[in-house]
Every structure is written in structure tokens, then in C-alpha cells.
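Please keep the sequence and the 3D view open while reading.

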Amino acid sequence: MCDVQAKLIAWLDRELSSDEAAGVERHIEGCKECRSRLAAYEQVSNTFDVYCDAVVTAKTRRRVPRWVPVLASAAVAAAVMFLAFAQRRVEPPPVLIPTVAATSVPVPTPHAAEPAPRKTIHRRHAVPAVQERAVKWQPTETAVQIAIPAEAMFPPGAMPKGMNFIAELSIAPDGSVKQVRLRQ
Amino acid sequence: MSDDSVPLALPLFRLAAGSSEVTTLYRELRKPLLRYLVCLGLTSDEAQDVVQDAFLSLQRHLASDGTQENIRGWLFRVAHNQARNRQTSYHRRFSEPLDGEMDFLADDATPEQRVLEKEKFRRLATAIRLLTESERECLLLRAGGLRYREIGEVLGIATSTVGDTVERAIKKLAEKCNV
């Protein structure tokens with residue numbers, strides 16, 4: 001075992017003096033085993049870092065903002081009104097086609113309203129993305145977006161002027177509300 | 001960590017006039033502090049409370065002509081001590097399984113990649129739980145960008161001890177994770 005092995009992690013962390021660092025660098029140039037260990041230490045450090053990010057993201061996603069129940073109530077009320085309106089005009093089909101209301105915008109695909117991509121682990125191991133989306137996408141459920149002005153839910157001045165929230169409703173083929181998602 | 005992955009709660013405190021340095025520090029260190037605290041075991045809400053309290057303490061510290069050396073280490077130490085005071089959360093660190101929560105990590109990857117990522121994380125999580133408290137804390141502070149000297153100040157241990165602890169912890173993880 002090389003004596004330098006005890007200094008590899010400190011070298012990785014830039015904690016060695018310049019003389020010690022130069023000695024380690026000279027050694028690893030000619031020592032395959034130390035280079036291999038160094039790579040392993042660096043990889044596990046990076047994985048630990050990514051894991052910490054994932055822990056934070058996972059815990060943050062569990063957290064439900066206090067205004068969500070208020071907004072959810074408004075969205076559900078809007079959904080009920082929408083369904084009552086839509087079902088008077090459309091025969092009960094396998095797929096419910098939404099009628100455009102004044103504040104409703106049909107979404108062409110269920111993926112169009114996905115939030116902006118986040119930095120995720122798999123991007124560090126980038127593999128060319130395989131497009132597995134079906135070319136002929138057949139909707140099995142209907143998505144509806146409803147814009148709700150922030151002023152309608154919060155006291156004046158509490159939110160920046162002109163801010164809207166979007167309530168996204170997924171309508172199941174039987175006409176029921178399958179999912180309500182809120183975003184800014 | 002992307003900007004989107006951290007809750008955008010507004011700070012409850014109001015920075016004093018002329019405290020642009022504190023504002024800059026807040027922008028720079030808020031996320032690393034949140035990450036450290038959440039990984040210690042605090043909930044997202046608790047971590048945000050602790051970060052705000054730490055910056056309030058910093059304002060008082062600076063207003064009373066306290067030392068301005070190594071403010072980053074000072075903030076981490078204050079946050080660390082406040083986290084320790086929340087004993088229940090503090091001892092929850094890394095103990096909660098994240099398997100179900102982490103499906104989103106590979107939502108546009110192939111099934112094989114998802115399996116590999118989850119397996120890699122599962123092994124790492126198991127290995128982390130086997131570390132000592134000191135080893136975990138050293139690695140978390142190291143992941144927060146602190147130098148060994150700063151880590152020693154936060155944890156109240158010698159710099160050389162930090163070096164030994166970090167080395168031991170990384171070697172344990174590398175061995176257990178087989179990387």
C-alpha cells in the first residue's frame with residue numbers, strides 16, 4: 001500500500017500544502033492503484049452530494065404550502081362549474097372533450113403543462129434521450145387549465161400585481177375530476 | 001441544486017438598512033444551510049426557521065461589533081447548534097427511507113437507469129446510516145463547501161481530526177457502495 005493513499009482525500013479536498021499536493025500529483029501519475037482509488041473517492045463524494053440534493057428535494061416536495069387548500073377549493077369549485085356546463089352540451093363519450101370557457105384553456109397534451117425540468121441525477125449520467133412518446137397519441141383523459149388571479153384569493157398587496165395561478169384539472173373519461181394540480 | 005428545488009419562502013426578518021453584506025451572505029449561504037439542516041434531519045419548515053434565526057443572530061452579532069472573520073463558519077455553527085436544540089428532528093437524520101419519494105429522479109430515464117440510480121442511492125443511504133454521527137456531520141459540512149478548519153470550528157474538534165474523520169467516512173462509503 002502506498003503512503004500517499006492516506007493523503008488522497010485531503011488532496012481531493014485541496015487541504016494539502018503545495019509541497020504535499022505536488023508530491024501526491026507526482027505519485028498518482030505513475031500509480032494506477034492510487035488513480036483508481038482517487039476516482040472512487042471522487043465518485044462517492046459526488047454521489048453523496050447528489051444524494052443530499054435529492055433528500056432536500058424529496059422533503060421539500062412533501063411540504064404543502066398553506067395556500068394550497070384555499071386554491072384547491074377554488075379549483076374544485078371551478079371544476080364543478082365546468083363539468084356542469086360541459087355535460088349539458090356533450091353526450092357522455094369515452095373521451096370528454098372540454099368546452100372552452102372564458103377562463104379555461106384546453107391543453108393539447110397531458111405533458112404540455114409539466115413544470116420546467118429540474119436538475120436531476122440522471123442528467124449527470126447523460127444518455128441520449130429515447131423518445132418513447134407515441135406518435136399518435138390518443139387522449140384517455142382531458143386536461144383543463146383555469147387561470148385564477150392572485151387578487152381573487154389573497155388580500156390586496158399580498159401578491160405582486162397581475163400574478164395568476166393555474167389550476168390544472170385532469171378529467172377522467174367518466175366525467176369526474178381525476179386530478180387537480182396547482183402551479184404558478 | 002436548482003433554484004426550483006428549494007422552497008421560495010420569503011424571509012420573515014427585515015434586513016436592517018445598510019446591511020447589504022448580510023443580504024449578500026443570505027443569498028449565497030441560504031441554500032447550503034438549508035441543505036445541511038434538512039440532511040441533518042430537520043423538516044423543510046424547521047430548516048427555514050433555523051436559517052432565518054441564524055441570520056437574525058448574525059445581524060445582532062454584527063450590530064454588537066462581533067468578529068467578522070469566517071462568517072460562513074459562524075453561520076453554520078449557529079445553525080448547527082440550533083438544529084441540535086431540536087433533538088427530535090436532529091436524531092431523525094438520514095433515517096427516513098426515500099425510495100418512494102425519489103421516483104421523480106429518473107422520470108424521463110429508461111427503466112434500467114431508474115433501477116440503477118435507485119439501487120445506487122439505496123446502497124449509499126444504507127452506508128450513510130452506518131456512519132458515526134461525527135462522520136456524517138463532517139461529510140455534510142464538507143458537501144456544504146466548508147474547509148476542514150471551518151468544519152472543526154462548527155463541530156468543536158481539531159482540524160486534523162476533521163481530516164481523519166472525513167477520510168474514514170469516505171473510505172467507508174466507497175467500500176460499502178462498491179464504487
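## Terms and basis

A residue is called buried if 20 or more other C-beta atoms lie within 10 Å of its own, exposed if 12 or fewer do, and partly exposed in between, with the C-beta atoms placed from the backbone. By this count Gln48(B) is buried, because it has 22 C-beta neighbours inside 10 Å.

The model is predicted, so that local features need pLDDT of at least 70 and side-chain atom pairs count only at pLDDT 80 or more, while totals for chains, interfaces and linings use all residues. Residues are numbered from 1 along each chain as its sequence is written, and chains are lettered from A and ligands numbered from 1 in the order in which they are written.

## The two chains

Chain A contains four helices and four strands, and along the sequence these follow the pattern α-α-α-α-β-β-β-β. Chain B has eight helices and zero strands. Here helices (H or I, at least four residues) and strands (E, at least two) are DSSP runs, numbered from the N terminus.

Of the 184 residues in chain A, 22% are buried, and for the 179 residues of chain B the share is 36%. Two residues are in contact if their C-beta atoms, placed from the backbone, lie within 7 Å. Among contacts in chain A with a separation of 6 or more, 60% are between residues 24 or more positions apart, and in chain B 71% of the contacts between residues at least 6 apart in sequence join residues at least 24 apart.

## Helices α1 and α2 of chain B

Helix α1(B) covers residues 20-40 and helix α2(B) residues 44-63, and the two pack at an angle of about 145° with their axes 9 Å apart. The axes are lines fitted to C-alpha atoms, for helices over the stretch in contact, and angles run from 0 to 180 degrees between N-to-C directions. The contact involves, among others, Tyr26(B), Leu33(B) and Leu37(B) of α1(B), and Ala47(B), Gln48(B), Val51(B) and Phe55(B) of α2(B). By class it has 12 nonpolar, three polar and one charged residues, where Ala, Val, Leu, Ile, Met, Phe, Trp, Tyr, Cys and Pro count as nonpolar, Asp, Glu, Lys and Arg as charged, and the others, Gly among them, as polar.

With 21 residues, α1(B) reaches 29 Å from its first C-alpha to its last, close to the 30 Å expected at 1.5 Å a residue; the expected span is 1.5 Å times one less than the number of residues. The buried residues of α1(B) include Tyr26(B), Leu29(B), Pro32(B) and Arg35(B). After the helix comes Gly41(B), whose phi is positive, near 130°.

Helix α3(B), residues 71-85, has 15 residues and reaches 21 Å from its first C-alpha to its last, close to the 21 Å expected at 1.5 Å a residue. Among its buried residues are Trp74(B), Phe76(B) and His80(B).

Helix α6(B), residues 133-143, is mostly covered, with eight of its 11 residues buried; these include the charged residues Arg136(B), Glu137(B) and Arg142(B). Cys138(B) in this helix is buried because 29 other C-beta atoms lie within 10 Å. Leaving aside residues up to four places away in sequence, Cys138(B) touches Ile151(B), Val162(B), Thr165(B), Val166(B) and Ala169(B). Just after α6(B), Gly145(B) takes a positive phi of about 95°.

## Two residues of chain A

Arg14(A) sits in the loop between α1 (8-12) and α2 (18-30) of chain A, and its phi is near 55°, a positive value in a residue other than glycine. Most residues other than glycine have a negative phi. Arg14(A) counts as exposed, because it has 9 C-beta neighbours inside 10 Å.

Ile171(A), by contrast, lies in strand β3 (residues 164-171) of chain A and is buried, with 22 C-beta neighbours inside 10 Å. Its C-alpha atom is separated by 6.1 Å from that of Ala143(A), 28 residues apart along the chain.
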